[in-house]
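Please keep the sequence and the model at hand while reading.

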Amino acid sequence: MALNLYYYASPATFYQLSGKLIPWFGWSAAILTVIGLYISFFMAPTDFQQGEAYRIIFIHVPAAWMSMFIYLVMAFWGAIGLAFKTRLSFMMSRALAPTGALFTFIALWTGALWGKPMWGAWWVWDARLTSELILLFLYIGIMALWAAIDDPQRGDRAGALLTLVGAINVPIIYFSVKWWNTLHQGASVSLTKAPSMAKIMLIGMLVMAIAAWLYTIAVALYRARTLILERERNTDWVKAQMEK
Amino acid sequence: MLNFLLTVIHRDLMLAGRRRGDWLTSQFFFVMVVSMFPLGIGPDPVTLKMIGPGVVWVSALLASLLSLPRLLAEDYRDGSLEQMLLVPHPPVLLALGKALAHWLIYGIPLLLISPILGVQFALPADAIAILMLSLLIGTPILSLLGSVGAALTLGLRGGGVLLTLLILPLYVPVLIFGAGAVDATLAGTGAESHLSLLGAILVLTLLVAPWIAAAALKVSIE
């Protein structure tokens with residue numbers, strides 16, 4: 001049986017389907033978060049170099065992963081929307097942006113909290129920190145553009161174009177910041193050497209990462225549903241939905 | 001096709017020539033912002049030499065951003081932009097022509113003013129030469145990337161500030177390699193690698209930006 005994607009690309013169908021899926025994603029995110037936090041606080045051993053402070057890694061690393069991944073997914077939906085003129089793709093792109101910005105902020109914030117006991121500074125102009133900061137600026141710019149354009153169709157396409165320009169730029173920004181950093185100051189702080197991690201730590205981190213994924217899917221679907229209702233408010237099916 | 005490109009550029013140059021006040025505002029903005037830094041930081045030549053390249057480059061970014069809305073806003077308001085999109089030539093040429101015109105009108109003057117500002121910051125002659133060279137390669141990138149932002153924010157409220165939010169993060173690599181080239185000269189390690197990378201970014205931007213700016217123009221005009 002071939003899966004008919006066009007069928008699910010219709011906002012009305014998607015609205016029904018996502019309504020059924022959100023509780024599943026939401027609850028499994030909640031349960032996995034509890035399991036992940038239990039592993040990270042009670043089962044993972046204390047690090048012999050960093051002591052207890054390293055435990056922030058269980059929030060920090062999944063947040064940093066999500067911040068970059070969500071941007072790519074946004075760019076993907078933007079490209080699909082521009083190519084196929086599917087309304088739902090743009091709505092998914094819009095629905096993902098606030099969560100992406102949130103995770104970028106969390107990654108920066110927990111990074112600062114981690115940096116203080118480890119490096120003795122809240123902030124260093126390390127390549128990763130700097131490019132994460134610029135990623136946050138990109139998210140803010142895209143959301144500001146959406147906020148400034150009242151016409152939804154123009155906003156959708158303008159935002160998608162900007163997301164794509166940003167996606168081309170992200171690797172360039174990353175490498176330029178990296179070279180800038182190594183040219184300016186000796187790499188006093190290296191995050192790139194992965195310490196050989198205890199297996200249980202890795203499992204805790206992965207569980208937290210999956211929880212972050214599921215959470216992102218749940219809230220993005222929820223936001224997309226709100227967008228659908230807002231845009232399709234003059235259609236019969238939304239009116240019927242509201243009367244239920 | 002080339003004719004059309006030249007017509008677009010020629011038209012913008014002529015318009016800028018008729019409105020010299022507008023044109024000068026942007027150059028004086030550049031000079032004034034740069035001159036504020038010694039007043040805020042202190043006249044010590046060693047410090048000034050250290051921050052000079054970065055200050056000149058950041059101010060060039062801001063001056064470029066300040067003049068960008070003018071690239072399209074006037075034509076949009078009186079409807080001529082719409083007419084120019086209706087001509088039987090690809091809109092890419094229009095976008096490219098507009099970006100090149102912006103560079104000729106606002107980018108080249110920055111380049112010509114920069115030696116004076118370099119002297120203010122106690123930069124030696126070879127560093128000033130590299131500063132000019134880095135601006136020569138870097139300012140077209142600013143105009144090209146900026147034209148995408150100007151096309152996206154066409155006719156929006158708060159256009160100028162919004163444009164800054166959208167485009168400034170994209171300017172980061174240009175700033176790093178542009179100012180880095182001068183820093184490397186000061187440090188005696190040679191600016192070649194920075195300038196080569198800047199050139200690579202210019203080629204890439206020249207290939208991609210006009211297409212996206214043209215698509216953005218179509219989105220904004222509809």
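How many of the 28 residues of α6(B) are buried? The sections below take up this point and its surroundings.

## Basis of the model

This is a predicted model, in which local features need pLDDT of at least 70 and side-chain atom pairs count only at pLDDT 80 or more, while totals for chains, interfaces and linings use all residues. Residues are numbered from 1 along each chain as its sequence is written, and chains are lettered from A and ligands numbered from 1 in the order in which they are written.

## Helix α6 of chain B

Of the 28 residues of α6(B), 22 are buried, so the helix is largely enclosed by the rest of the structure. A residue is buried if 20 or more other C-beta atoms, placed from the backbone, lie within 10 Å of its own. Helices are DSSP runs (H or I, at least four residues), numbered from the N terminus.

α6(B) bends by about 30° at B:I137, and the proline B:P140 follows within four residues. The bend is the angle between axes fitted to the seven residues ending at a residue and the seven starting there.

## Contact with chain A

In chain B, 23 residues are in contact with 23 residues of chain A; contact requires C-beta atoms, placed from the backbone, within 7 Å. Helices α6, α7 (159–167), α8 (172–187) and α9 (192–221) of chain B each supply at least two residues to this side. α9(B) gives the most, with seven residues.

## Chain B overall

Chain B has nine helices and zero strands, and 50% of its 222 residues count as buried.

Notes:
Buried ≥ 20, exposed ≤ 12 C-beta atoms within 10 Å, placed from the backbone. Contact = placed C-beta atoms within 7 Å.
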